[in-house]
Amino acid sequence: RAVEAIRYAAGRGPIVRFAPVDTTRTDLALLRTVYTAALEAGAERISVADTAGGTLPGAMRYLVSEIRKLTDAPIHVHCHDDFGLALANTLAAFEAGADILDATINGLGERAGNAALDELVVALQVLYEVPLGVKTERLAELSRWMAEVTGVPVPASKPLVGRLAFSHKLDAHVWGALQHPPAYETIPPELVGNRQYIPIGKYSGPVALKAKLEQLGILLPADGDQTDRILTRIAGEVERAAVAGRLAVSDETFERLAKSVSERG
């Protein structure tokens, strides 16, 4: 049936891509036979699909390298994220010679979704130094737009475009990120249109508190002892609010607590 359909479509205008389902769980000998027949029938591209998201990067690398031995035609890869390996499998396929890599905005797709566009683009451009010409600074904006359109929220901790992707909590991390961002940020958040964020909660120390106050434009007294007393009281108020809410406090709540303490001196 595949050969018949390809012969019918070949030469009639569209690019013919042979895209068998569940490629990664197919017997390799059978796969070679079917791909060869499809190519001989006129297929111009062939696909490898990890339809159930159940393969490993090493297996994907091996499979694509074996298929590459059959043809110079473009190899198209489509990976699902059932084991959280869609990006790893896609990059493994790229390393083995795949030419076309599927991805979706926010990783949306069947079940756990597909490889996320922002993660794939940044990995290729930064880690593999592949010039894609993508305006990466628009990726966070694109992610937010898709969340609004689909009604599917972006997890706060999602890599690169999540609200907390470049957040720093521990005082040592906050200090390092402020003094020398590459210490804790592999890429600057601006590269993907995101920003550095300091969440405030029960365990926030003086470095984090001072940095957050500066971000919010709340000035501390010049006197060091008075500043220390105010920070200690703010920390106490924040801890009580965080324990009561069982979460980090919002920026609005922190600003309200900090101003109240500062005004009391």
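**Helix H7 against helix H8**

I looked up how H7 (residues 171-179) and H8 (residues 206-215) pack in this predicted model: their axes come within 7 Å and cross at roughly 50°. Axes here are lines fitted to C-alpha atoms, for helices over the stretch in contact, and angles run from 0 to 180 degrees between N-to-C directions. Helices are DSSP runs of H or I with at least four residues, strands are E runs of at least two, and both are numbered from the N terminus.

I then listed the contact (heavy atoms within 4.5 Å). Asp 171, Val 174, Trp 175 and Leu 178 come from H7, and they meet Pro 206, Val 207, Ala 208 and Ala 211 of H8. I get 7 nonpolar, no polar and 1 charged residue in this contact. Nonpolar covers Ala, Val, Leu, Ile, Met, Phe, Trp, Tyr, Cys and Pro; charged covers Asp, Glu, Lys and Arg; the others, Gly among them, are polar.

**Ground rules**

I number residues from 1 along each chain as its sequence is written, and side-chain values use heavy atoms, without hydrogens and water. Local features need pLDDT of at least 70, side-chain atom pairs count only at 80 or more, and totals for chains, interfaces and linings use all residues.

**Aromatic pairs**

I found 2 aromatic pairs. The rule takes rings of Phe, Tyr and Trp (its six-membered ring) with centres within 6.5 Å; planes under 30 degrees apart are stacked, over 60 edge-to-face, the rest tilted.

Phe 18 and Tyr 35 are edge-to-face, with centres 6.1 Å apart and planes at 90°. Phe 18 sits in strand S1 (residues 17-18) and Tyr 35 in helix H2 (residues 28-41), 17 residues apart. I checked burial next (buried is under 20% relative accessible area, exposed over 50%, partly exposed in between; 1.4 Å probe, protein chains only). Phe 18 is buried at 11%. Tyr 35 is buried at 1%.

Phe 94 and Tyr 128 are also edge-to-face, at 5.4 Å and 90°. Phe 94 is in helix H4 (residues 86-95), and Tyr 128 is in the loop between H5 (117-127) and H6 (139-150), so the pair ties together parts 34 residues apart in sequence. Phe 94 is partly exposed at 27%. Tyr 128 is partly exposed at 29%.

**Asn 89**

I also looked up Asn 89 in helix H4. Asn 89 is buried, at 0% relative accessibility. Beyond neighbours within four places in sequence, Asn 89 contacts Asp 50, Thr 55, Leu 56, Pro 57, Met 60 and Cys 79.
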